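User: I have a structure open and want to talk through how the chains are built. Can you walk me through the sheets first, then the contacts?

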Amino acid sequence: MASVKKQLSENKLSDRLAIALRKPGKLVSIYFTAGYPGLGDTVPIIRELQAAGADMVEIGLPFSDPLADGPTIQESSTAALKNGMTTSRLFEQLRGIRSQIDIPLILMGYFNPILQYGVEAFCRKCREVGIDGLILPDLPLEIYERDYQHHFKAQGLSMIFLISPQTSETRIRRIDAASDSFIYMVSSASTTGVQEGFGQGQQAYFDRIAAMDLEHPQLVGFGISDAQSFRAATRNAKGAIIGSAFIRLLTEKGVAGIRGFVEGLRSS
Amino acid sequence: MSQYSVDEYGFYGEFGGAFIPEMLYPNVEELRENYREILASEEFQQEFRALLRDYVGRPTPLYYADRLSDAYNCRIYLKREDLCHTGAHKVNNTIGQILLAKKLGKKRIIAETGAGQHGVATATVCALMGLPCVVYMGEVDIARQAPNVARMKLLGAEVRPARSGSRTLKDATNEAIRDWINNPVDTHYIIGSVVGPHPYPDMVTRLQAVISEEIQAQLQEKEGRPDPDVLIACVGGGSNAAGTYYHYLDREHVQIIAAEAAGKGVDTGESAATSALGRVGIIHASKTLLMQTDDGQITEPYSISAGLDYPGVGPLHAHLFATGRARFIPVTDEEAMEAGRELARLEGIIPAIETSHALAVLAKGAVPEGSLTVINVSGRGDKDLQTYIDYFKLA
């Protein structure tokens, strides 16, 4: 743990992210698609998530062709785009958010909309509104390092990389070395929202990663929907990310259902 | 190395690369590490060449089109890929990739298809090799390409409808990629065009390069020279074009023309002319020219030809466009349909509507008089009969 802290301070990571990762206990990180269910729901959802005790929020920038996502997030993205969500509109909605929200905010999106916005302008805007980190599943480590990382680092943004059960040990070490906050550990060979819960295969993978004693903490994503799967996912990891199950909740109950959902995740 | 070859990172100039989610990294890396060696091995080459000869029916003829030549005052040869088994050039690639998949020990094949030609070519080689085959096809395309759906089923493939997004080729490709993420170990994804993450554009180009290799030898035999003055192919994703151009890319005296589907017209909002309407972006893990909104959302193209309505274009072609090596000519539905009918009447060959776009370049005056011209007839028109019937009111 000491080495984690050292790494964090060296890279001048945003304080919010560093502080969150040092909290005792397991972290709940919630993903939602900006512009869903309603165009104007972005800020109310984030506010409610903080009030409900979520430790971190991942704001999904909707994309027409989300390759790594299953049907739930795809459909929410299609709906969000239909509602009129764009990169510029999201930044407008997030302006001033830091006057009411303290927990880390991470933007998760596909690379093409960012490329069109302009990578440098996008990074500046992220810093301006108070985004702490980014998850860009289709911007692989090598291309990021070669062509884009200077823009992200210049604005103090943390880049969060994924690993999966198929990722080799050598590559996990390389990703760990390139990381500066946490590693997004994809629980299984899967797109989002496809599987529910974990089997023995996953547990073996979780144990294998834990045994590697990585510099950076891991948050597990994909397949976490309730208290039971949250517990299983965080037996070794620092926290877990809930996406599709949260989108389904928003579809069914809207913002009013958030508090019960987040509290339910931590119930024993 | 040729400036038209892929570099060590998988880029043609600024285009290409592998913008893949980490979950696909092992699959794509396995291919990247092995494809050149396997394709170059004597064992692979022997099997590949034997199947192309005995099963596909290669070499396909290079036919001197006398009456068409007279009509346009030039000397036109047609490369008859329409005579390949399954009716189009697509099978050159699927034969190569299924041999590769077997060498890599894969047990299951997936593919995407738009009009169904690549789906049929994949289902065919899977039947040939006894491997299970799942073909993703947009729900909209399934409805309008019923005969090819039936062919795939008859060949033993499972056709899975892509119900996301616009429910056409781009969404079928998304679904195939998602399948690959969910089945990373035993499955090989046979991409049907020179699109997708590196190494696919280069790999598919090399497998289709048999087309230009044959053109060189056949022209040498018939004309005493390997090079035409002008080389024409249609471009959607661009696999038949990549194969037609491959051995000529560095022979700069050969003029290369790419016929793009302009749909109802480049500026009508119903078009698939990517070089005219696209901007640099990322689709299916490749950086290329792409039709998209200002916000970077991928838009749905239109063409009467189901094989050309792809919102992107292979990164090699984006590079040929950007460097000026190839001249891109937009061809409307109407121009293509007329050119298709003209070939039927002048030469007794009913071309696929994709191919008709390449033929339409002649009537647009893009070929100088007297030029020795080779046009790739990428496919036959059987699959398009209903479209021809509806368009020309033949029923």
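Analyst: This is a predicted model. Chain A has an open sheet of nine strands, in the order S5-S4-S3-S2-S1-S9-S8-S7-S6, and the pairing is parallel.

User: Which strands stand at the edges of that one?

Analyst: Strand S5 (158-159) and S6 of chain A. Each has a single partner strand, so one side of each is left without a neighbour in the sheet.

User: How many bridges join S1 to S2 in chain A?

Analyst: Five bridges join strand S1 (residues 27-33) to strand S2 (residues 56-60) of chain A, and the two run parallel. Within that pair, A:Ser29 stands opposite A:Met56.

User: OK, now chain B. What is the order of the strands in its four-strand open sheet?

Analyst: The order is S7-S6-S5-S8 (chain B), again an open sheet with parallel pairing. The edges are strand S7 (158-162) and strand S8 (187-190) of chain B; each has a single partner strand, so one side of each lacks a neighbour in the sheet. On average, neighbouring strands of this sheet are turned by 25° against each other, direction ignored.

User: And what joins S6 to S7 there?

Analyst: Strand S6 (residues 133-138) of chain B is joined to S7(B) by five bridges, running parallel. B:Gly138 has B:Ala162 in S7(B) opposite.

User: Switching to domains. What does the assignment give for chain B?

Analyst: Domain 1 (12-52 + 90-204) and domain 2 (57-88 + 209-392). Their centres, taken over C-alpha atoms, are separated by 22 Å.

User: How many residues are in contact between them?

Analyst: 38 residues of domain 1 of chain B are in contact with 34 residues of domain 2 of chain B. Elements that supply at least two residues each to the domain 1 side include helix H4 (90-103) and helix H8 (169-182) of chain B. By class, that side of domain 1 has 18 nonpolar, 16 polar and four charged residues.

User: How about chain A against chain B? How many residues are in contact?

Analyst: 32 residues of chain A are in contact with 27 residues of chain B. On the chain A side, helix H4 (71-83), helix H6 (111-117) and strand S6 (162-163) of chain A give two or more residues each. H6(A) gives the largest share, six residues. The classes on the chain A side are 18 nonpolar, 12 polar and two charged.

User: Which residues touch the most other members of the largest nonpolar core?

Analyst: That core has 207 residues, and those touching the most other members include A:Ile30, A:Phe246, B:Val135 and B:Ala259. From chain B, the core draws at least three residues from each of domain 1 and domain 2. Leaving aside neighbours within four places in sequence, B:Ala259 has contacts with residues including B:Ile232, B:Val331 and B:Val361.

User: Last one, B:Asp227. Where is it found?

Analyst: B:Asp227 is in the loop between helix H10 (210-223) and strand S9 (230-235) of chain B.

User: Why does it count as partly exposed?

Analyst: Because B:Asp227 has 17 C-beta neighbours inside 10 Å; a residue needs 20 or more to be buried and 12 or fewer to be exposed. Not counting residues up to four places away in sequence, B:Asp227 touches B:Tyr248, B:Arg251, B:His253 and B:Val254.

Key. Residues numbered from 1 in each chain as written. Chains lettered and ligands numbered in written order. Predicted model: local features only at pLDDT ≥ 70, side-chain atom pairs only at ≥ 80, totals over all residues. Contact = placed C-beta atoms within 7 Å. Nonpolar A, V, L, I, M, F, W, Y, C, P; charged D, E, K, R; others polar. Pairing = 2+ DSSP bridges. Core = buried A, V, L, I, M, F, W, Y, C linked by C-beta atoms within 7 Å. Domains from an automatic or database assignment. Axes fitted to C-alpha atoms, helices over the stretch in contact; angles between N-to-C directions.
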